[in-house]
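Q: I'm new to this one. Can you walk me through it, one spot at a time?

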Amino acid sequence: MELTEILHWCMTTLPSLFQETAFGLTGLTTIDMLSKMKIPRPQMVDLLFFDTLHHFPETLSLIDRIRERYPLVNLHIYQPINSNTAEDFAWQHGAKLWETNDELYDWLAKVEPAQRAYRELQVGAVLTGRRRSQGGKRGDIDVIEVDEAGLVKVSPFANWSFEQVQDYVRANCVPYNELLDRGYKSVGDWHSTKPVKAGESERAGRWQGQQKTECGIHNPRSKFAQFLKEQEMKRQQEALQQALESGLEIES
């Protein structure tokens, strides 16, 4: 099935279809292609953007340019609960949580907002920008997947390379992140993204020095269910230990 056929099938077949994007090249290519498809719809596919509060300023300014270029785009932005700024987040959860507890950071900044969006917007299916050429866990992704909760995930560009999406964006004058002109290829949070060197893989600049290739949104939900269970057990153990220590102090 050709790429345009996949997109057409998604738009005409999948109910409650959204596009998840952090406005990388693949997501931008998807937005532009969908805008040119002659399919009777009241509007384009709604976009989901998970604002971790730690995106680069260049990423956030790109959103304004995308809204100007594609006025029919309806963008839903989800942030961590009770936080509007990075300072809010640090005050609630501690400084540099991505270093002290990266799984908790992924849950609070990315996974929980995503699950909240799916629930509130009644999302049934999503278009993703994942490609096999990005390597890591994405090296063998299927074009169509269904997660543990029944969410349909479609990666129409699974077979495309970085060069192909880059060429499309340039040929069609699609606005893109200025960081790509400074050596970045995959752009996430500022604290875990660096430019890549010649010959390095596309996502080599993400989470350097860690055995990590995903931010959490595309990991199995059961992983985070287990993580939350362990966090709660840890909290209960700490509360019990504190109670025991308080009791000993009173007795003495």
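A: Start with Ile144, which sits in strand 5 (residues 144-146); strands (E, at least two residues) and helices (H or I, at least four) are DSSP runs numbered from the N terminus. This is a predicted model, where local features need pLDDT of at least 70, side-chain atom pairs count only at pLDDT 80 or more, and totals for chains, interfaces and linings use all residues. Residues are numbered from 1 along each chain as its sequence is written, and side-chain values use heavy atoms, leaving out hydrogens and water.

Q: What does Ile144 touch?

A: Leaving aside residues up to four places away in sequence, Ile144 touches Trp9, Val152, Lys153 and Val154. Contact means heavy atoms within 4.5 Å.

Q: And where is Trp9?

A: Trp9 is in helix 1 (residues 3-13). Trp9 is partly exposed, as its relative accessible area is 30%.

Q: New topic: which residues have the most contacts inside the largest nonpolar core?

A: They are Leu17, Phe23, Ile31, Leu34 and Val154, in a core of 40 residues. A nonpolar core is a set of buried Ala, Val, Leu, Ile, Met, Phe, Trp, Tyr and Cys residues joined through side-chain atoms within 4.5 Å. Among the elements giving two or more residues to this core are helix 1, helix 2 (25-35) and strand 6 (152-154).

Q: What else is there?

A: A second, separate core has 10 residues, including Leu48 and Tyr118.

Key: Buried means under 20% relative accessible area, exposed over 50%, partly exposed in between (1.4 Å probe, protein chains only).
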